[in-house]
Amino acid sequence: LFYFEGEQSARPAGMYMLEGCNCERVPAPKGCAAGSAKDAALDKQHYFTVLFGHEGQKPLELRCEDEADGDEWVEAIHQASYSDILIEREVLMQKYIHLVQIVETEKVAANQLRHQLEDQDTEIERLKSEIVALNKTKEKMRPYQGNQEDEDPDIKKIKKVQSFMRGWLCRRKWKTIVQDYICSPHAESMRKRNQIVFNMVEAESEYVHQLYVLVNCFLRPLRMAASSKKPPISHDDVSSIFLNSETIMFLHEIFHQGLKARIANWPTLILADLFDILLPMLNIYQEFVRNHQYSLQVLANCKQNRDFDKLLKQYEANPACEGRMLETFLTYPMFQIPRYIITLHELLAHTPHEHVERKSLEFAKSKLEELSRVMHDEVSDTENIRKNLAIERTIVEGCDILLDTSQTFIRQGSLIQVPSVERGKLSKVRLGSLSLKKEGERQCFLFTKHFLICTRSSGGKLHLLKTGGVLSLIECTLVEETEAS
């Protein structure tokens, strides 16, 4: 928002960054009482305030004389978002790419039709020459046609019966051919393939509806609540919980529209080019899946705030949610990539090897499987790091070995440490150096490289044993004693 000293000013006096701001109408200040003509004129002014999302920026208070002019200013500031323009540009680019592909397809089809027309013109010329030759032959045979008119009536009846029989035999043969194809494995495979596509369209429609509820019933209302005077949640927490959910919704709306357009052209179903458009955009799922556990953790922390919890329950009571919680809607995108993989696997099982789409569908399936493996590995690594850090925070003294990213958690539990005096065989090992007079319960944590032994104090805090609390599993020996004594 640029502002100038006057209408004739050549350069702006200053500017404000409107990205992430909130603009709202406000009443006239209390100081504007109708004590004089000037105060009465000020009282008729229409005020509005621009609240900036970034810290350190004071609100911008403005006014105008016309109410309609003020509404137009507020609406224009609301729409002045560079991120919305980027999203709109991305949607338009996808539509443009799709239209370019359609134009290329139409060019190929037009070229094929042009060749067909040329072949048909050649065929028409050949047929014309045959007609001329037949007419000449007919002219030669015309003197003998008078004899055919005097044909015996019985012969005419026989020929008529033969004509009926030939028609009946042809119809029966054609019916047999059709029935054989309907019962053939190829027709059954095509029916199953069509059913898979129809189910895919229904599942995509349901998924788009779920994303619509997530964005319109939770994300956008919470984003507005974060801009209020007493926000129950911050903008950073909203971004951490929902991340790029809105972008995912826009992507699948485009994909769903493409699916519905293909179904309108049934029984000709071409789906491979739709997946070609979808595949480059699916990397946004990596960020969402990587952030999923953290988003649920942030949501759980925000629920500790009573105002936020009360507001969230109001949103979840919306009939569109059908009794489902926000966590349920945040989990739906986690299963979409595996669902596409299963659908493509079933689709390829009923697609002939010579089918024009088979290679494209196999390529889409391989790309989705590769993306799924990457996301699974990233989620596993992230969860392992979070688990290790959570254990490290519970130990009062801390544990530096848990900061190693290659340290993988296996299991934890309570074990009884046996006194070294009672067990002669264990007196020489490392645990035997701990002079215990009685059995003690220990909280143990097993990792791929180390074994941690902790004691729990009366306050519930964990403390590493001063001697032998961190045992390295490299070059160690495990002895399992089976004797009853």
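**Cysteines and charges**

Reply: Let's start with Cys 454, which is buried at 0% relative accessibility (buried means under 20% relative accessible area, exposed over 50%, and partly exposed in between, using a 1.4 Å probe and protein chains only). Before going on, bear in mind that this is a predicted model, where local features need pLDDT of at least 70, side-chain atom pairs count only at pLDDT 80 or more, and totals for chains, interfaces and linings use all residues. Residues are numbered from 1 along each chain as its sequence is written, and side-chain values use heavy atoms, leaving out hydrogens and water.

Back to Cys 454: what is the closest cysteine sulfur to its own? That one belongs to Cys 399, and at 7.7 Å the gap is too far for a bond. A disulfide is a covalent bond between the sulfur atoms of two cysteines, and here the cut-off is a pair of cysteine sulfur atoms within 2.5 Å. Searching the whole structure turns up 0 disulfides. Cys 170 is worth a glance too, as this cysteine is exposed, at 54% relative accessibility.

Now for the charges. Side chains of opposite charge can pair when their charged atoms come close. The whole structure has 11 salt bridges, each being a side-chain nitrogen of Lys or Arg within 4 Å of a carboxyl oxygen of Asp or Glu.

One of them joins Arg 126 to Glu 123, with 2.3 Å from N to O. Both residues sit in helix α3, which covers residues 82-141, and they are 3 residues apart, or about one turn of the helix (helices are DSSP runs of H or I with at least four residues, strands are E runs of at least two, and both are numbered from the N terminus). Arg 126 is partly exposed at 38%, and Glu 123 is partly exposed as well, at 35%.

Over in helix α6 (residues 185-226), Glu 188 and Arg 191 are separated by about one helical turn because they are 3 residues apart. Their side chains meet in a salt bridge of 2.7 Å, N to O. Glu 188 is partly exposed, with 34% relative accessible area, and Arg 191 is partly exposed at 41%.

Lys 365 counts as buried at 17%, while Glu 369 is partly exposed at 26%.

Finally, where do negative charges gather? Glu 65, Asp 66, Glu 67, Asp 69 and Glu 72 form a negative patch on the surface. Patch members have over 30% relative accessible area and no salt bridge, with like charges joined within 9 Å and nonpolar side chains (Val, Leu, Ile, Met, Phe, Trp, Tyr) within 5 Å. Glu 65 sits in the loop between β5 (60-64) and α2 (67-79), and this residue is exposed, at 68%. Glu 67 belongs to helix α2 and is partly exposed at 44%. The C-alpha atom of Glu 67 is 6.0 Å from that of His 46, though the two residues are 21 residues apart along the chain.

Technical notes: Accessible areas come from the Shrake-Rupley method with a 1.4 Å probe; for residues, only the protein chains shown count as cover. Lys and Arg count as positive and Asp and Glu as negative; His and the chain ends are not counted. The place of a charge is taken as NZ of Lys, CZ of Arg, CG of Asp or CD of Glu.
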